[in-house]
Amino acid sequence: MRRPILGGNWKMNKDLGQALAYASAFKEAVLGVDDADIVIFPPSVYIEKLSEAFKGSPVATGVQNLFWEEKGAFTGELSTSMVKSVGATYVLIGHSERRQYFSETNETVNKRLKAVLKAGLIPMLCVGERLEEREANETFSVIEKQLKEGLAGLSKDDAKKLTVAYEPVWAIGTGKTATPAIAQEVHGHIRGLLNSLFGKEIGESIRLAYGGSVTQENIDNLMAEKDIDGALVGGASLDPVSFERIVRFRRK
Ligand code: PEP
C-alpha cells in the first residue's frame, strides 16, 4: 500500500499576509487527516513562517527549487542546509516551468536530486511531455529519457525516498486535465521503468503523483487509478477550501 501524497504548488503567488491567512484556515481544515501526506510548496521566503504556522498539523512544507552546491558565490541561490534550517522537508525538482523558463535540464535535475537526497530532504521529481511531443507519439520516450538521466547514479536506498510527479506540460494551468485513463497509462509506464531501474520491490513502493489541472471535481477519479498515488496541484491549491477537498479525496 502506497500512502497518498497531495502537494500544493503555489508557484509565485501570495504575499506574506495571504500566506499566513491561508495557513491558519488550512491547518484547522485538515486537522485529523492522518491517511495522506500533505505538503505545501510556497515561495521560499515564507517557508520559516509557514513551517511554524503548520506545527502540530499534518501539513509539511517544501521548496519549489534549490541549488546543489552547499554554499559560496552563487548569487540568488539557496542550498539544502538553508532550506532545512527554516523547516522545509520536501523539494520539487525539475518542474516543467523550471525546465521551460530557467534552463533546467535532466543533468541539472540529477545534480539537485543527489544534493537533496544527501541532505535528507524528500524529493518530488517532476517529469512530463509537451503537447508537440505527445502529438508526435513521443510521450514514453521523453519520459524515459527524463527518468533515466534524472535518476542516473541513484542507489536503491535513494530511490526508496523518491516521489515522481507526472505532469504533462499541456495539462498544467490549462484546465485540460489528462483523463484518468491517460494518466494511468503513463503512470503504468513510469512504474515499469522504475521496476526495471531499481527492482520490482522498490519500483512498486515509489509514489507516483499526477499533476495538471487537478481540481476538487476530478481528484476522486484520478486517485481511483491503480498507479496514481497522489497529486501535485497548482491553481486549485491556492484556495484552502478547494485544496482541503482535494486532500480529503473520496476513496473508491
Ligand atoms: C503544477 O504547477 O505543478 C500544476 C500541476 O499546476 P495546475 O494544477 O495549475 O495545472
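This is a predicted model: local features need pLDDT of at least 70, side-chain atom pairs count only at pLDDT 80 or more; totals for chains, interfaces and linings use all residues.

Reader: OK, how many residues surround the ligand, and which are the closest?
Author: The ligand is surrounded by 14 residues, where near means that a heavy atom of the residue lies within 4 Å of the molecule. The closest are K11, E167, G173, S213 and G234.

Reader: And what classes are in that shell?
Author: There are four nonpolar, eight polar and two charged residues around the ligand; in this scheme Asp, Glu, Lys and Arg count as charged, Ala, Val, Leu, Ile, Met, Phe, Trp, Tyr, Cys and Pro as nonpolar, and the others, Gly among them, as polar.

Reader: What does the ligand have within reach at E167, and at S213?
Author: At E167, an N or O atom of the side chain is 2.7 Å from an oxygen atom of the ligand, whereas at S213 a polar backbone atom is 2.8 Å from a ligand oxygen. The protein buries 96% of the 290 Å² that the ligand exposes when taken alone, with areas from the Shrake-Rupley method and a 1.4 Å probe.

Reader: Switching to the fold, how many helices and strands are there?
Author: The protein chain has 12 helices and eight strands, taken as DSSP runs (H or I, at least four residues, for helices; E, at least two, for strands) numbered from the N terminus.

Reader: How much of the chain is buried?
Author: Of its 252 residues, 51% count as buried, meaning under 20% relative accessible area, while exposed means over 50% and partly exposed lies in between (1.4 Å probe, protein chains only).

Reader: Then R112, is that buried or exposed?
Author: R112 is buried, at a relative accessible area of 9%, and it sits in helix α5, residues 106–118. Beyond its neighbours within four places in sequence, R112 is in contact with N65, L66, F67, W68, I93 and E104, contact being heavy atoms within 4.5 Å.

Reader: And where is M12?
Author: M12 lies in the loop between β1 (5–9) and α1 (16–30), and M12 is exposed, with a relative accessible area of 81%.

Terms used:
Residues are numbered from 1 along each chain as its sequence is written. Side-chain values use heavy atoms; hydrogens and water are left out. A polar contact is a pair of N or O atoms within 3.5 Å; within protein, one must be able to donate a hydrogen and the other to accept it, and residues adjacent in sequence count only if both atoms are side-chain atoms.
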